[in-house]
Amino acid sequence: MSSQNWSAGSGPVLDISDLSIVYAAEAGDVRAVSKVSLALNAGEVVGLVGESGSGKSTLAYGACRLLRSPALITGGAVRYQGRRAAEPTDILRLHADELRQLRWREIAIVFQSAMNALNPVLNVKDQILDAVNAHLRMSKAEALDKTSTLLDLVGIPRSRLRSYPHELSGGMRQRIMIAMALAADPEIVIMDEPTTALDVVVQRDILAQIVELKERLGFSILFITHDLSLLLEMADRIAVMYAGQLLEVGTAAEIKREPAHPYTRGLLRSFPSLHGPRRDLAGIPGSPPDLRMATAGCPFLPRCQFGTAACERIDMTLAKVASSADPAHVTACPFVLPDTPEPGKTHSAAADFAEQPDREVSSA
Amino acid sequence: MTDDTPLGDSGSPALEAISLTKNFRLGPGQLIHAVRDVSFGLYSGAVIALVGESGSGKSTVARLLAGQERPTSGSIKLGGKPVDLSTRKAFRQHKSDVQMVFQDPFASLNPVHTVRYHLSRPVRLHQGKHSATDVAGEVDALLGQVRLTPAEQFAAKYPHELSGGQRQRVSFARALAARPTVLLADEPVSMLDVSIRLEMLGLLDDLRKRLRLALLYITHDIASARYFADEVLVMYAGQIVEQGPAEPLTQQPAHPYTQLLVASAPDPDNLGSTLRTGAVRAGRPAGSAGAASQGCPFSPRCPLADDLCRAENPGLQPVDPVLSAGPGHTASTARSAACWHLPEAAAMQEAAARASRKQESEV
């Protein structure tokens, strides 16, 4: 995906290639991100999905060089090409002052949990002004005007300018975070679990607003979440991350209809659906591997029902799903195709109970 | 995950809430009506889901049932007898019967104590076992029940050495150590990863079947309630606004609030359409809409609200005569919803369902 030509105007706005990040630790380096390549095209919503600890936030923050020691970028390149930039830049090679130019103006972030990301002793106006003044050259009057416009953008009444974070609901706080991210009309907005702590009704409302703003202002979104059901509705393309590596990338429709990787299949069967007939739910038994150990082959092998001895040696590069018409639908598993039947026993949660011999139950 | 026993033991409830009301005093003359006139029963071997948004009062209901809070009015019956919390002994007895599992396994376990310590305390307190071998044996058995094996190995661990799912298993084991008849699970899986949530719900389901527990499953995720619960109670602003068997309630929600909740849940089969059209945003007011203190609490947000709704609180009304007119509706046991306009709400739901079917066929 990363090897595309770099003529301005076409090609991805953000191109992460072979990025590797480790957290240095005495007990051994944690390989949080291993050789990940992912591209974000202009106007696109790319969803990055994975369990906690899969490295999805590390990947996004690493790509903006927001990580501090003990995190260490050990390899790869992150090329940025915005509408306002003549030449693509490698973010990993920028000097500190160039980086400051890039951050927020070109790439903005909506952090997880707006409860903690806002300063409790500043009111909404000062908070947004802070972001505006730090990144844009504006007169005082212009900056104030900008602050009000940003509130309009996310549908918060201007009367709230003097409110403090604790006076606002969780949804409103999240909207303020989004308003701040949009202050400098960025090319890319990274959203790290922006709605995880919110109620479903508020969540849906904010997602609809994000999509609407994206259409209107034309930015691209890298959307990080552990909730695949939400991404299927929201994202254009989905990248599935596990143990610091990408296992599958494809359009939302392809991921939904023809998931290739066993892990993606497992994720799709992990959430109960509200609409349509009741499905057989399975979940994914087991837990993710310890990233301190260097593992050869597929990191998902211990939890994979298709696993064979050959999986211990496979090369984890993404290759086109052989049966798919879409060349951009890629998977790290060379053995399993969307139509590969489940091996032997069905692994439904219900069957699991049936298999369990009735244990001695202490309370009669 | 529900099976052949639709509502567990028929007959009297294991735990019953009767007109529970709880007010919290905020300041002079300022009251928060956290729970208003809530009545329901929990039956041995059955799962009741309590669904609602944050601040709807669902955790307060659990705390009232567990005896952590005293109700402003109303009462609780355990096994048909009124609950007495007046003495330490009576309180402890109630705790033995009614146990809670909390949302956050990172906060609910003490970081300086081992798993063994967490489990042996309730074994001593509630089961009256004192000899070291008895306690150790019981701790091992508990860990086996929640499938943390080998038990000796897990018993020696500290919370930070466990994953989120393992910690929540310890919380389950701790609750079971008291040998309760009723288990109140307050958002037991919402802090866990999607991929292990199912496993944990499966474990809970397994435990309630084997131990004949009466289980209250508190959640904001109505989709999981569909799969996991026999009956669903929907709470809004401290009040139960709809109740009924899980499948018909989630498939044909009667109350406008339940309809909003169901329409807001992520729908993976939808692939972008409603989000882009913003179909769900209708019927929701801008900004914060507090619950009305008078009339129907949902009236400020409800598209069907009229003067009657704003003046008088409807209370629960039977749903069936209205809904049974809809196609494909099979007769279900007692469904009720607190709404003055159930026929209009049913028509609204029918129209929305037709629109989404149409959209699907176009995709």
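A: Gladly! Keep in mind that this is a predicted model. Let's begin with burial: of the 363 residues in chain B, 50% count as buried.

Q: How many helices and strands are there in chain B?
A: Chain B has 14 helices and 12 strands.

Q: What share of the contacts in chain B between residues at least 6 apart in sequence join residues at least 24 apart?
A: That share is 65%.

Q: At what angle do helix 3 and helix 6 of chain B pack?
A: To read a helix pair, look at the angle and at the distance between the axes. Helix 3 (residues 115-127) and helix 6 (residues 164-177) of chain B pack at about 15°, and their axes are 8 Å apart. Angles under 35 degrees count as roughly parallel, so helix 3 of chain B is roughly parallel to helix 6 of chain B. Their crossing is right-handed.

Q: Which residues meet there?
A: From helix 3 of chain B come V115(B), H118(B), L119(B), P122(B), V123(B) and H126(B); they meet V170(B), A173(B), R174(B) and A177(B) of helix 6 of chain B. By class, this contact has seven nonpolar, two polar and one charged residues.

Q: Now for chain A: how far does helix 4 reach from its first C-alpha to its last?
A: Helix 4 of chain A (residues 124-135) has 12 residues and reaches 17 Å, close to the 16 Å expected at 1.5 Å a residue.

Q: Which residues in helix 4 of chain A are buried, and what covers them?
A: V124(A), Q127(A), I128(A), L129(A), A131(A) and V132(A) are buried. Their cover includes helix 5 (140-153) and helix 6 (170-181) of chain A.

Technical notes: Residues numbered from 1 in each chain as written. Chains lettered and ligands numbered in written order. Predicted model: local features only at pLDDT ≥ 70, side-chain atom pairs only at ≥ 80, totals over all residues. Helix = DSSP H or I, 4+ residues; strand = E, 2+ residues; numbered from the N terminus. Expected span 1.5 Å × (residues − 1). Buried ≥ 20, exposed ≤ 12 C-beta atoms within 10 Å, placed from the backbone. Contact = placed C-beta atoms within 7 Å. Axes fitted to C-alpha atoms, helices over the stretch in contact; angles between N-to-C directions. Parallel < 35°, antiparallel > 145°, perpendicular 65-115°, else oblique. Left-handed = near helix turned anticlockwise from the far one by under 90°. Nonpolar A, V, L, I, M, F, W, Y, C, P; charged D, E, K, R; others polar.
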